[in-house]
Amino acid sequence: ADAKQRLRTANERMHTLNQRVSDLEEQENERAERTRQLEATNTLQSERLAALDAERERELDALRKELAQREATLDDMASAAEQANSTANTAAERLLEAETDAKRHLSLIDELDNSRQQLEHQVERLRESMALRDEQLELKEEQLQLQQQELA
């Protein structure tokens with residue numbers, strides 16, 4: 001009976017151990033399945049990340065190209081602004097020269113106007129003088145006529 005009891009106990013222990021082994025195998029299978037799922041998820045996430053990285057790189061390339069174009073446009077605009085500034089400076093210099101010339105011309109016009117007024121005044125005096133001479137001549141002619149009449 002003692003051997004039977006020990007056999008029964010050994011069988012129960014064997015059954016318990018088999019059950020534990022079965023439970024451990026089931027846990028190991030579940031763990032392996034979870035590991036496989038995690039690896040699959042990891043792979044998908046890695047692929048998504050790689051796709052996102054590639055998309056970001058394309059976007060960065062596009063942004064770099066756009067930035068380069070904008071910088072080129074800004075360079076062109078700066079060059080055009082420098083050219084316009086140079087042209088404006090040249091125009092301002094020419095305007096100052098024209099203003100100086102205009103002032104000089106106005107001064108000459110004033111001088112000419114003064115000369116014209118002086119000449120007009122001189123002409124007026126000459127006319128008056130000639131009128132007086134004409135009068136003197138007329139008087140002399142009258143005197144001569146009177147003298148000739150007296151002599152005759």
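I looked up Asp-101 and found it in a salt bridge with Arg-104, with the closest N and O atoms 2.6 Å apart. I count a salt bridge when a side-chain nitrogen of Lys or Arg is within 4 Å of a carboxyl oxygen of Asp or Glu. The model is predicted, so I note its limits: local features need pLDDT of at least 70, side-chain atom pairs count only at pLDDT 80 or more, and totals for chains, interfaces and linings use all residues. Residues are numbered from 1 along each chain as its sequence is written, and side-chain values use heavy atoms, with hydrogens and water left out.

Asp-101 and Arg-104 both sit in helix α1, three residues apart, about one turn of the helix. Helices here are DSSP runs (H or I, at least four residues), numbered from the N terminus.

Next, I checked accessibility. Buried means under 20% relative accessible area, exposed over 50%, and partly exposed in between (1.4 Å probe, protein chains only). Asp-101 is partly exposed at 31%, and Arg-104 is partly exposed at 45%.

I then looked at Glu-55 and Arg-58, whose side chains meet in a salt bridge (2.6 Å, N to O). Both lie in helix α1 (residues 2–151), three residues apart. Glu-55 is partly exposed at 33%, and Arg-58 is partly exposed at 49%.

Lys-103 and Glu-99 also form a salt bridge (3.7 Å, N to O). They are four residues apart in helix α1. Lys-103 is exposed at 54%, while Glu-99 is partly exposed at 41%.

Last, I found Glu-57, Asp-61 and Arg-64 linked in a network of salt bridges. My search of the whole structure gave eleven salt bridges.

Conventions:
Helix = DSSP H or I, 4+ residues; strand = E, 2+ residues; numbered from the N terminus.
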